[in-house]
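The sequence and the structure are shown first, and the description follows.

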Amino acid sequence: MDKTRKLITLNEFIIMRQQEFPYAKGELSRLLTHIGLAAKIVSREVNMAGLADILGATGRINVQGEEVKKLDIFANEKFINAMFGSSEIAGMATEENPEIIADDTEMAKNAKYVLCLDPLDGSSNIDVNVSIGTIFSIYRRVSPRGHKPTEEDFMQEGTKQVAAGYIIYGSSTMLVYTTGHGVNGFTLDPSIGEFCLSHPNIKTPTNGKIYSVNEGNFHSFSNGIKKYIEYCKEQDKESGRPCTSRYIGSFVADFHRNLLKGGIYMYPATKKHPNGKLRLLYEANPMAFIIEQAGGLAVDQNGRRILDIKPTELHQRVPLFIGSRNMVEQVMQFIEQEDRLKPENHYD
Ligand code: AHG
Ligand code: MN
Ligand code: MN
């Protein structure tokens with residue numbers, strides 16, 4: 001049999017990789033396995049969303065002041081249940097919960113890990129059958145075991161992440177994750193109900209051709225960003241083509257496409273929203289860990305590495321520039337020249 005074509009399921013892969021951690025006792029492996037399980041449950045619901053009564057808005061507003069769709073709540077609950085069910089989680093912070101969540105059981109209090117979660121990303125796309133996702137990030141707690149976790153456990157720099165990943169509910173469902181030893185992608189085969197290794201050792205192109213930004217906000221961007229976007233539209237001397245603009249409005253989906261094809265995703269600051277829109281803990285940090293592992297870059301609008309930022313608030317936002325190394329470096333040059341050296345021109 002051709003060994004290169006052997007089917008490897010997510011669970012097999014997780015166990016194989018456990019050996020990369022010298023003193024691993026299987027806790028992280030069990031945790032990742034439970035994420036895969038929750039992903040399958042949510043994937044099933046997402047696929048049924050057009051049929052079931054689960055579709056649509058609840059009329060509630062989440063802690064970020066945005067409308068929450070029913071499927072966000074469903075995904076949030078399923079992941080919370082699956083994670084605490086794994087017995088390996090001391091607590092969770094999710095985009096949908098104002099405070100951290102902890103369980104009172106001895107098992108939870110003794111657990112080693114905490115998890116940050118964006119249960120449903122791209123929620124404005126739920127109603128229209130466009131790809132959405134889930135983003136997760138795992139840290140080793142810093143508070144002593146035997147007690148409930150504290151906010152400090154979640155306020156760690158992204159460099160402290162033990163694992164991070166996302167699930168994209170697209171034309172097929174995929175789970176992509178890293179534990180700091182490269183990035184691997186698994187596609188759900190619904191006929192056998194298993195995630196199968198389909199994208200081993202993902203590397204993102206050093207240079208890309210795709211730029212992804214909500215250009216509806218163009219007039220609110222700084223001059224550096226505006227000039228960079230104009231530059232993306234200019235014709236390339238060699239190919240005679242400008243860059244391609246692609247924006248789905250689901251960060252997971254935009255990120256996933258750019259990861260595989262090469263590109264940059266930007267959610268810059270605006271005058272009104274100086275921290276942009278995306279959340280450091282639930283969106284920027286996990287994706288920054290993945291992009292760096294795939295050979296790309298993730299920085300904020302000051303060119304600061306996302307993974308080095310020390311969080312000060314659970315739900316804090318951060319302007320984000322993430323993707324192919326050359327493109328991220330280039331937009332930073334525009335910002336340096338147009339915004340930092342000429343602060344008076346920052347916004348028109
Ligand atoms: P969420 O659905 O978790 O609130 O995240 C939405 C985010 C992200 O997925 C997407 O890239 C971005 O918001 C889109 O924002 P705009 O509509 O402002 O472009
Ligand atoms: Mn999101
Ligand atoms: Mn969300």
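## A buried glutamine

Q161 counts as buried, because its relative accessibility is 6% (buried means under 20% relative accessible area, exposed over 50%, and partly exposed in between, with a 1.4 Å probe and protein chains only). Q161 is placed in strand β7; helices (H or I, at least four residues) and strands (E, at least two) are DSSP runs, numbered from the N terminus.

The side chain of Q161 makes a polar contact with the side chain of S137 at 3.0 Å, and it reaches the backbone oxygen of N285 at 3.1 Å. A polar contact is a pair of N or O atoms within 3.5 Å; within protein, one must be able to donate a hydrogen and the other to accept it, and residues adjacent in sequence count only if both atoms are side-chain atoms. With residues up to four places away in sequence left out, Q161 touches S137, I138, Y139, N285, P286, F289 and L307, where contact means heavy atoms within 4.5 Å.

## Basis of the description

This is a predicted model, in which local features need pLDDT of at least 70 and side-chain atom pairs count only at pLDDT 80 or more, while totals for chains, interfaces and linings use all residues. Residues are numbered from 1 along each chain as its sequence is written, chains are lettered from A and ligands numbered from 1 in the order in which they are written, and side-chain values use heavy atoms, with hydrogens and water left out.

The protein is divided into domain 1 (10–199) and domain 2 (210–345), with bounds that come from an automatic or database domain assignment. The C-alpha centres of the two domains lie 24 Å apart. In the interface, 51 residues of domain 1 are in contact with 33 residues of domain 2. The area buried between the domains is about 3,000 Å², and carbon and sulfur atoms give 62% of it; buried area is the accessible area (1.4 Å probe) that two parts lose on being put together, summed over both.

Across this interface there are 15 residue pairs in polar contact, both residues being at pLDDT 80 or more. On the side of domain 1 that touches domain 2, the elements giving two or more residues are β3 (89–94), β5 (113–121), β6 (132–140), β7 (161–169) and β8 (173–178). Strand β7 gives the most to that side, with eight residues.

## Nonpolar cores

A nonpolar core is a set of buried Ala, Val, Leu, Ile, Met, Phe, Trp, Tyr and Cys residues joined through side-chain atoms within 4.5 Å. The largest such core has 42 residues, of which Y166, F251, F255, M287, I306 and I322 touch the most other members. Helix α7 (residues 280–293) supplies the largest share, nine residues. Domain 1 and domain 2 both give residues to this core, so it lies between them.

Leaving aside neighbours within four places in sequence, M287 is in contact with I135, Y166, F251, V252, F255 and I322. A second, separate core of 41 residues includes I14, L32, V42 and Y113.

## Salt bridges

A salt bridge is a side-chain nitrogen of Lys or Arg within 4 Å of a carboxyl oxygen of Asp or Glu. By this rule the count comes to 18, and one salt bridge is found across the interface of domain 1 and domain 2. R279 and E95 form a salt bridge, with their closest N and O atoms 3.1 Å apart. R279 lies in the loop between β13 and α7 and E95 in the loop between β3 and β4 (101–102), so the pair ties together parts that are 184 residues apart in sequence. Both R279 and E95 are buried.

K112 forms a salt bridge with E27, the closest N and O atoms being 3.0 Å apart. Because K112 lies in the loop between α4 (106–109) and β5 and E27 in helix α2 (residues 27–48), this pair ties together parts that are 85 residues apart in sequence. Within helix α6 (residues 251–261), D254 and R257 lie three residues apart, about one turn of the helix, and their side chains meet in a salt bridge (3.0 Å, N to O). Elsewhere, salt bridges that share partners join E27, K112 and R145 into one network.
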